[in-house]
Amino acid sequence: MRELVLARHAQSEFSVLERLNGDASVEVRLTAAGREEARHLGRAAGPVELVAHTAFSRTRETAELAWPGAPLLEVPELNEFAFGSFEGTRWTDGFDQWVLTSTPEDDVPGGGESRVAAVRRYVRGYRTVLARPEERVALVAHGAPVRYVLLALEGKPPARVLDGVDPAKPFTLDADAFARAIAALEAWAAAPAW
């Protein structure tokens, strides 16, 4: 890979409802506005030779609408964070308080994962994308994996509370910058701290 177009998926049904969804078996489609956002993403970012996406329907739908006819690659290591007992709830239904009081290594109650486990998983997924032979690759993922890369590009570690990422907004970076971001996230995961 020479260049990466990185984007969060377009607006989904759960985005509008402000519901947390870290279970790929739950079918969450794009809204009508989201479908238009996805089409605009492809026009704004330009052509790519491959589109990587997660195992979630909202990322695949965004990828298909943004770059119709482009080959697709599912990278489940970049799936959304596993929310455990907060699955399907709103951010303000308790997950916000858990985020503020937990350490990077604390698993989400009810079978979720820790932030450090998610970052380690994301690093594996990023490396899969980075190793692709295609010159220009798009990656449609979720807010957290996109924000982690953007923070690393700014020289910042993962944050306890992440700023949101606009849906279907393209961020273009070269392979060297992507590799540096991956290395920074891997280093943080080896010694995580807020």
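1. Helix 3 comes first. Its buried residues are Ser57, Arg58, Thr59, Glu61, Thr62, Ala63 and Ala66. Buried here means under 20% relative accessible area, exposed means over 50%, and partly exposed lies in between, with a 1.4 Å probe and protein chains only. Helices (H or I, at least four residues) and strands (E, at least two) are DSSP runs, numbered from the N terminus. Helix 3 is mostly covered, with seven of its 10 residues buried.

2. A word on the basis. This is a predicted model, in which local features need pLDDT of at least 70 and side-chain atom pairs count only at pLDDT 80 or more, while totals for chains, interfaces and linings use all residues. Residues are numbered from 1 along each chain as its sequence is written, and side-chain values use heavy atoms, without hydrogens and water.

3. What covers helix 3? The cover of its buried residues includes helix 2 (32-45), strand 2 (50-53), strand 3 and strand 4. Thr62 sits in this helix, which spans residues 57-66. Thr62 counts as buried because its relative accessibility is 0%. Leaving out neighbours within four places in sequence, Thr62 is in contact (heavy atoms within 4.5 Å) with His9, Ala10, Leu30, Ala38, Leu41 and Val140. Its side chain also reaches the backbone oxygen of Arg58 at 2.7 Å.

4. Now the whole chain. The protein chain has seven helices and five strands. Along the sequence they follow the pattern β-α-α-β-α-β-α-α-β-α-β-α. A compact globule of 194 residues would have a radius of gyration near 16 Å, and the protein chain has 16 Å, so the two agree. That radius is taken over C-alpha atoms, and the globule rule is 2.2 Å times the number of residues to the power 0.38. The C-alpha trace spans about 45 × 35 × 25 Å along its principal axes.

5. Burial and surface. Of the 194 residues, 50% count as buried. The protein chain exposes about 8,600 Å², and carbon and sulfur atoms supply 51% of this area. Accessible areas come from the Shrake-Rupley method with a 1.4 Å probe; for residues, only the protein chains shown count as cover. Among contacts with a separation of 6 or more, 72% join residues 24 or more positions apart.

6. Two strands pair if DSSP finds at least two bridges between them. Strands of a sheet pair through backbone hydrogen bonds, either parallel or antiparallel.

7. Strand 1 shows both senses. Strand 1 (residues 3-8) pairs with strand 5 in the antiparallel sense over four bridges. There, Val5 has Thr172 of strand 5 as its bridge partner. With strand 4, strand 1 pairs in the parallel sense over six bridges. Here Arg8 stands opposite Ala141 of strand 4.

8. Helix 6. This helix (residues 143-153) has 10 of its 11 residues buried, so it is largely enclosed by the rest of the structure. The buried residues are Gly143, Ala144, Pro145, Val146, Arg147, Tyr148, Val149, Leu150, Leu151 and Ala152. They pack against strand 1, helix 5, strand 4, strand 5 and helix 7 (175-190). After helix 6 comes Gly155, with a positive phi near 80 degrees.

9. Glu134. This residue lies in the loop between helix 5 (115-130) and strand 4 (136-141). Is Glu134 buried or exposed? Glu134 is buried, because its relative accessible area is 16%. Beyond residues up to four places away in sequence, Glu134 touches Met1, Arg2, Glu49 and Leu50. Glu134 and Met1 are 133 residues apart in sequence, yet 5.3 Å apart in space, C-alpha to C-alpha.

10. The side chain of Glu134 makes a polar contact with the side chain of Arg132 at 2.9 Å. A polar contact is a pair of N or O atoms within 3.5 Å; within protein, one must be able to donate a hydrogen and the other to accept it, and residues adjacent in sequence count only if both atoms are side-chain atoms.
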